[in-house]
Amino acid sequence: MQTSTDATLGDWRHRALEFESELGKAVIGQDHAIRLLAVAVFARGHALLEGDVGVGKTTLLRALARVLGGDFERIEGTVDLMPNDLVYHTYIKEDGRPAVEPGPLLKHGERLATFFFNEVNRARPQVHSLLLRVMAERSVTAFNREYRFPHLQVFADRNRVEKEETFELPAAARDRFLMELNIAMPADAELQRQLMFDPRFYDVDALIGGLREGVLPFAELNEVAAQIQRFVRTSPAIERYALELCAATRAPADYGVTLDGVEISKLVLSGVSPRGMGMLMRAAKVAAWLQGRDALVPEDLHAVLHETVAHRVFFHPVYELRRDELIGTLLDQVKGKVAAP
Amino acid sequence: MVRELAVVQPRGFGYLLGDRFERTVTMAVRAPYRLDREALPSGRLGDWLELAPPRVDSERDGELTRYVIHFVYQLINVDPGFREIAVPHHELVYTDGTDSGKVLVPATRVGVTMLRPPGSDSLQPAHAPAPLRFDPTRLWICALLAVAAVAALAWLRWGLPGGSRTRPFAIAARELAALGRRAVAGDVHGDALRMVHRAFDATAGRTVFPETLDAFFADHARFAGLRDPITLYFAHSRRYFFEDGNDDAYPYAELVDLVERCRDVERGLG
């Protein structure tokens with residue numbers, strides 16, 4: 001699919017800001033998350049949202065699907081969900097004969113733009129495995145042929161409160177996500193008051209229905225995303241800095257990082273993978289473009305560092321239980337210890 | 001012709017070296033005669049006196065012109081052998097252009113006195129000055145004050161011994177100076193900017209970015225006075241390293257000046 005010739009990257013940036021503005025009408029106090037979702041859209045990466053129950057993860061993703069345009073499919077993760085349930089649907093027709101219909105993944109064909117996997121950690125590893133394939137290759141094999149989804153973006157959410165009857169995503173699946181976003185309740189008292197007393201927020205369907213549809217022509221996003229990656233320049237200094245940031249996540253002790261109560265040399269089992277490094281750079285370039293720059297600066301890397309890197313750093317089992325506490329401090333220290341330029 | 005002549009002589013006694021005294025002559029001349037001012041005496045008169053150029057006041061009274069001539073003398077020399085000196089006579093000339101005549105102002109004498117009392121050969125103080133008392137304590141205090149003053153000047157100039165080895169901006173200033181002297185090929189401007197970045201990082205205890213400058217100033221309020229030049233430096237560094245690589249807009253001297261000002265702030269002098 002070709003980008004329309006008269007739509008420059010400047011126009012696209014304008015549209016991206018409109019996209020953010022529309023999302024902001026449905027979900028208030030989540031400007032940072034909205035910006036990162038815009039980054040994910042223009043970096044063509046999948047995103048995993050995590051947060052407490054009822055903080056607006058699903059609302060945000062439904063709003064995104066409407067504003068993004070293209071076909072939208074949603075599935076709920078349950079413990080008895082099997083991979084086949086995503087691919088096909090069998091039933092007995094009225095005439096008593098069995099019938100097979102395409103499942104949620106297949107029925108939209110190439111128009112499938114947003115696939116929303118709700119409560120992904122309730123699904124079994126078999127489902128995760130299928131998801132892995134879909135996310136990595138944007139294709140699935142069924143009925144002796146391969147189905148392709150060139151515009152597909154997977155958004156998944158996971159609530160962090162309940163752990164019973166859940167299956168933690170394997171490292172390989174998490175590595176496929178461009179970013180993991182933490183959605184928290186707005187801290188601002190006025191925003192909390194609006195969420196509580198403004199009737200607009202009581203009816204989510206009406207709230208989502210009031211948003212403009214298809215602000216971004218989804219079919220052109222792949223080409224625009226490639227243009228953005230070519231458009232944003234990287235100097236030797238920023239390349240060196242980005243490489244060192246990633247190296248510091250693998251060997252924080254070498255950069256003088258220290259954490260309270262942690263033997264730093266034994267903290268990290270594996271740091272950012274080469275795929276993760278590429279995703280960090282893709283996301284950072286989009287962040288720079290959204291800021292109106294054509295050159296990458298350290299702040300762009302910082303803007304997406306936590307969300308693109310935190311879920312790719314794996315701790316020694318001794319420290320894994322303290323992940324939530326340690327990962328933020330570790331990345332903050334990495335930012336503070338790696339010199340730039 | 002001369003109709004009147006009156007001379008008021010000065011006091012006749014009690015003059016010391018340097019004193020001035022005046023002799024006043026009043027003379028009335030009938031028209032068409034007038035006083036010849038060019039012929040009035042002035043200058044050195046003998047060994048003792050100096051006569052200033054006389055001041056002449058005149059007024060018309062019918063066909064008479066009345067002149068009042070002020071002769072001011074200064075005593076410029078005295079001698080123990082002379083208690084009295086002569087004030088010489090003067091001749092006043094009047095003329096109508098063709099004919100002229102003279103009037104004599106008679107001489108007089110005045111008494112002069114030496115500055116020192118009569119009978120003493122030389123001037124001596126009444127009492128010998130008291131000898132200064134030698135006070136070892138005061139000597140020690142003065143010595144200590146002198147050492148402290150020298151030490152304070154040395155601190156202002158160089159800081160504490162060894163301190164510059166641990167203060168980031170002192171190190172940066174020294175390295176910048178060395179870099180300037182070497183003037184080696186390569187990315188000298190980039191190296192200089194990096195040195196200053198390391199000084200900021202060491203001061204903050206973490207890498208400082210333009211986005212974290214507010215936190216830096218909040219934690220290190222003593223640098224707040226340099227907020228504008230520091231912000232300018234970070235903006236330039238970003239442009240140079242990450243954007244267009246242009247080093248024209250930021251002279252090396254400005255960088256050196258910034259580092260020296262930061263070094264002074266670091267030592268509590270800013």
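A residue is called buried here if 20 or more other C-beta atoms lie within 10 Å of its own. By that rule, 41% of the 341 residues of chain A count as buried. Keep in mind as you look around that this is a predicted model.

**Chain A at a glance**

Chain A has 14 helices and eleven strands.

**The sheets and their pairings**

Strands of a sheet pair through backbone hydrogen bonds, either parallel or antiparallel. You can find both kinds in this model. In chain A, five strands form an open sheet with parallel pairing, in the order 2-5-8-1-9. Strand 2 (71–76) and strand 9 (177–183) of chain A stand at its edges with a single partner strand each, so one side of each has no neighbour in the sheet. From one strand to the next, the twist averages 15°. Helix 2 (residues 31–42) of chain A lies across strand 1 (46–51), strand 8 and strand 9 of chain A, and runs at about 165° to strand 9 of chain A.

Chain B has an open sheet of three strands, in the order 3-9-10, and here the pairing is antiparallel. Its edge strands are strand 3 (34–35) and strand 10 (100–105) of chain B, each of which pairs on one side only.

| Strand pair | Sense | Bridges |
|---|---|---|
| Strand 3 and strand 4 of chain A | antiparallel | five bridges |
| Strand 5 and strand 8 of chain A | parallel | four bridges |
| Strand 3 and strand 9 of chain B | antiparallel | two bridges |

Each pair has residues you can pick out. A:Tyr88 stands opposite A:Pro102 in strand 4 of chain A, A:Thr114 stands opposite A:Gln153 in strand 8 of chain A, and B:Arg34 has B:Thr95 in strand 9 of chain B as its bridge partner.

The hairpin of strand 3 and strand 4 of chain A has five residues between the strands, and A:Gly96 takes a positive phi near 90° there. None of the five residues of strand 4 (residues 98–102) of chain A is buried, so this strand lies largely in the open.

**The nonpolar cores**

The largest nonpolar core has 121 residues, and among the residues that touch the most other members are A:Val39, A:Ala283, A:Val304 and B:Val196. Helix 11 (residues 274–290) of chain A gives the most to this core, with ten residues. Leaving aside residues up to four places away in sequence, A:Val39 touches A:Ala283, A:Val286, A:Ala287, A:Leu290 and A:Val304. A second, separate core has 17 residues, including B:Tyr15, B:Tyr33, B:Ile69 and B:Val87.

**Where the chains meet**

The contact takes 15 residues from chain A and 13 residues from chain B. On the chain A side, helix 10 (236–250), helix 12 (298–309) and helix 14 (323–337) each supply at least two residues. Helix 14 of chain A gives the largest share, three residues. By class, this side has ten nonpolar, two polar and three charged residues.

Now turn to helix 5 (residues 227–242) of chain B. At 1.5 Å a residue, its 16 residues should span 22 Å, and its end C-alpha atoms are 22 Å apart, which agrees. Its buried residues include B:Ile230, B:Tyr233 and B:Phe234. What covers the buried residues of helix 5 of chain B includes helix 10 of chain A, together with helix 3 (188–204), helix 4 (213–219) and helix 6 (252–266) of chain B.

Definitions and conventions
Residues are numbered from 1 along each chain as its sequence is written. Chains are lettered from A and ligands numbered from 1 in the order in which they are written. This is a predicted model: local features need pLDDT of at least 70, side-chain atom pairs count only at pLDDT 80 or more; totals for chains, interfaces and linings use all residues. Two residues are in contact if their C-beta atoms, placed from the backbone, lie within 7 Å. Ala, Val, Leu, Ile, Met, Phe, Trp, Tyr, Cys and Pro count as nonpolar, Asp, Glu, Lys and Arg as charged, and the others, Gly among them, as polar. A residue is buried if 20 or more other C-beta atoms lie within 10 Å of its own, exposed if 12 or fewer, and partly exposed in between; C-beta atoms are placed from the backbone. Two strands pair if DSSP finds at least two bridges between them. The expected span of a helix is 1.5 Å times one less than its number of residues. A nonpolar core is a set of buried Ala, Val, Leu, Ile, Met, Phe, Trp, Tyr and Cys residues joined through C-beta atoms within 7 Å. Axes are lines fitted to C-alpha atoms, for helices over the stretch in contact, and angles run from 0 to 180 degrees between N-to-C directions.
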